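Reader: Please take a close look at one part of this model. I want the charged group and the rings around it, then the setting in the chain.

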Amino acid sequence: VQLQASGGGLVQAGKSLRLSCAASGDIFSVNTMAWYRQAPGKQRELVAEVTSDGSTKYLDSVKDRFTISRDNAKMTVYLQMSTLKPEDTAVYYCNADIRPALSKWSEEYWGQGTQVTVSS
C-alpha cells in the first residue's frame with residue numbers, strides 16, 4: 001500500500017493549486033483521507049480531512065480558501081487551494097487510514113510530500 005502525491009509547485013499569492021494523492025496496492029477499504037503540511041521550523045499540522053462518507057474538517061486559516069474532496073472509485077483525495085498566501089508555503093503530505101486487503105485492521109499511511117511555495 002502506498003500513497004502518491006502530486007501537484008505542488010511555485011505560485012504567486014492569490015493564485016490556485018490543486019494537489020492530488022492516490023492510494024494504490026492491495027486495499028480493502030480507505031477510510032479518512034487528509035492533507036497535512038509542515039512549514040520550515042514548524043510542526044506538522046492538519047490542513048483538511050474528509051471521511052469515507054464525505055464529512056470534512058478544515059484548519060481555520062484555510063477555511064473558505066481550500067476544498068478537500070475525494071473520489072472513492074479512484075481512491076484519490078484532492079486539495080483545491082485558492083487565494084494562496086505566502087504563509088501557505090510548506091511541504092504538503094497526504095495521509096490516509098487504510099485497511100489492507102489481508103488485514104483485519106486499518107493503518108495510517110503517509111505520502112511522500114509535495115512542496116508548495118507561494119511568493120508574495
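Author: Start with Arg44. The charged end of Arg44 sits over the ring of Trp110, with 4.7 Å to the ring centre. The charged end of Arg44 also sits over the ring of Tyr93, 3.8 Å from its centre. Here a charge sits over a ring if NZ of Lys or CZ of Arg is within 6 Å of the ring centre and within 35 degrees of the ring normal.

This is a predicted model: local features need pLDDT of at least 70, side-chain atom pairs count only at pLDDT 80 or more, and totals for chains, interfaces and linings use all residues. Residues are numbered from 1 along each chain as its sequence is written, and side-chain values use heavy atoms, with hydrogens and water left out.

Next, ring against ring. A search of the whole structure gives 1 aromatic pair. Rings of Phe, Tyr and Trp (its six-membered ring) pair if their centres lie within 6.5 Å; planes under 30 degrees apart are stacked, over 60 edge-to-face, the rest tilted.

Now the chain around these residues. The protein chain has 11 strands and 0 helices (DSSP runs numbered from the N terminus: helices are H or I, at least four residues; strands are E, at least two). Its radius of gyration is 14 Å, close to the 14 Å of the globule rule for 120 residues, so the chain is as compact as a globular protein of that length. That radius is taken over C-alpha atoms, and the rule is 2.2 Å times the number of residues to the power 0.38. The C-alpha atoms fill a box of roughly 50 × 25 × 20 Å along the principal axes. Of the 120 residues, 39% count as buried (under 20% relative accessible area; exposed is over 50%, partly exposed in between; 1.4 Å probe, protein chains only).

Ser103 lies in the loop between E9 and strand E10 (107-110). Ser103 is buried, at 17% relative accessible area. The Ser103 side chain reaches the backbone oxygen of Trp105 at 2.9 Å.

Pro86 belongs to the loop between strand E8 (76-81) and E9. Pro86 is partly exposed, at 36% relative accessibility. Leaving aside neighbours within four places in sequence, Pro86 is in contact (heavy atoms within 4.5 Å) with Ala13, Val118 and Ser120. Val116 is 30 residues from Pro86 along the chain, and their C-alpha atoms are separated by 9.7 Å.

Notes: Polar contact = N/O pair within 3.5 Å; in protein donor to acceptor, adjacent residues only side chain to side chain.
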